[in-house]
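Please look over the model below before reading on. The report then takes up its parts in turn.

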Amino acid sequence: MRITDVYARSYRWPKDKPIQNGKHIFTHNELNLAVIETDEGITGYGTSYNVDYVEYLKPFLIGEDPLNTERLWENMWVPKFLGRRSISTRSISALDIALWDIRSKAAKMPLYQLLGGYRDSVPCYIAGGYYAEGKGIKELQKEMEEYVSWGVKNVKMKVGVLSMKEDARRVKAVRQAIGDDVRLMVDANCAYRSYEAVEFGRRIEEYEPYWFEEPVIQDDYEGMRMFGEKSRIPLAAGENEYTIYGFRDLINQSKPDILNPDACSMGGITQYLKICAYAQAHGTALSPHGQQQVHVHLDCGVPEVIMAEFYPPQYDAKIYDSFKNPLHFNAKDGTVSPGSAAGAGLDINQEFLKEYRIK
């Protein structure tokens, strides 16, 4: 099998209402794809937050055997020209995922099974609790109560926009709404300085957060370590980290309890598998961040993952309509599963998406 063509496709549509986390406001949703075609009629799809360098990387792939993922990753990884932590690595991520999509389709099995098939489904948490115009504490409580009514046992909320006192009130209100038997995670998206994160952690400890995600800026390894040493709340980090080298430094210097690697950013599945092995050797749990359509395969493929991040159709129905084989939410036990179709689950409904294409 040989690669015959490589190209990118991007789609974008507005949200019904803008939402906000600790540092950013989101008005639109995007789907960015790297597409790899082969001479045997198998097409691979990969996704990332940026695919601007796909055309640049195309010569490294044309004519190659797509099954040689290690060799092709090394071919694309040229830090001297591209930069080791940048949008170019995100393009490499998308292309690497597309190569693994081809591998699993050639093997006629879903990606999670090709990766090891550790389980068929994985516990999930609902990634909600965003800030939005007109959304006060009562509305936040109602949102979280709805999630729990679906059967989920884990929910996450955003912090870091309001004062510590106000955000602590929001955390308290959510705990009251969901009860004591549902895990609650908080996510600051790097909004605090380390001493501020420690102070806010003290304010919310009594509500028993299962983890505090990205309390400080992603490159502040020392600040994360200080938070971990001074707070009783487990530290989660890594969604903005890149490659096995970055995760090596993050684990060794910051000692997080939970890693949130994102294969769509940090180097694709080839790097993700190495990070899983390194984390396992250090006794560090994983709960990957990012595009759930492909990550549910990564969550189910290996044993280190404790929970999947899950955005329900209520968050964005169009993203479900975008794929031919959307993942499955199992209300009985609060898990998600990737299904049995061969590949990484990223085959798109082109007819539905065509009006949203931007390039």
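What follows describes a sheet and then a histidine in a helix.

This is a predicted model, in which local features need pLDDT of at least 70 and side-chain atom pairs count only at pLDDT 80 or more, while totals for chains, interfaces and linings use all residues. Residues are numbered from 1 along each chain as its sequence is written, and side-chain values use heavy atoms, with hydrogens and water left out.

Three strands form an open sheet in the order S1-S2-S3, with antiparallel pairing; strands here are DSSP runs of E with at least two residues, and helices are runs of H or I with at least four, both numbered from the N terminus. Two strands count as paired if DSSP finds at least two bridges between them. Strand S1 (3-20) and strand S3 (43-48) are the edge strands, each pairing on one side only.

| Strands | Bridges | Hairpin |
|---|---|---|
| S1 and S2 (residues 25-38) | 13 bridges | four residues between them |
| S2 and S3 | six bridges | four residues between them |

Within these pairings, Trp13 stands opposite Asn29 in S2, and Tyr7 stands opposite Val35 in S2, while Val35 has Tyr45 as its bridge partner in S3. In the turn between S2 and S3, Gly41 has a positive phi of about 80°.

Elsewhere, His295 lies in helix H12 (residues 292-301). His295 counts as buried because its relative accessibility is 2%, where buried means under 20% relative accessible area, exposed over 50% and partly exposed in between, with a 1.4 Å probe and protein chains only. Leaving aside residues up to four places away in sequence, His295 touches Pro261, Asp262, Ala263, Cys264, Pro288, His289 and Gly290, contact meaning heavy atoms within 4.5 Å.
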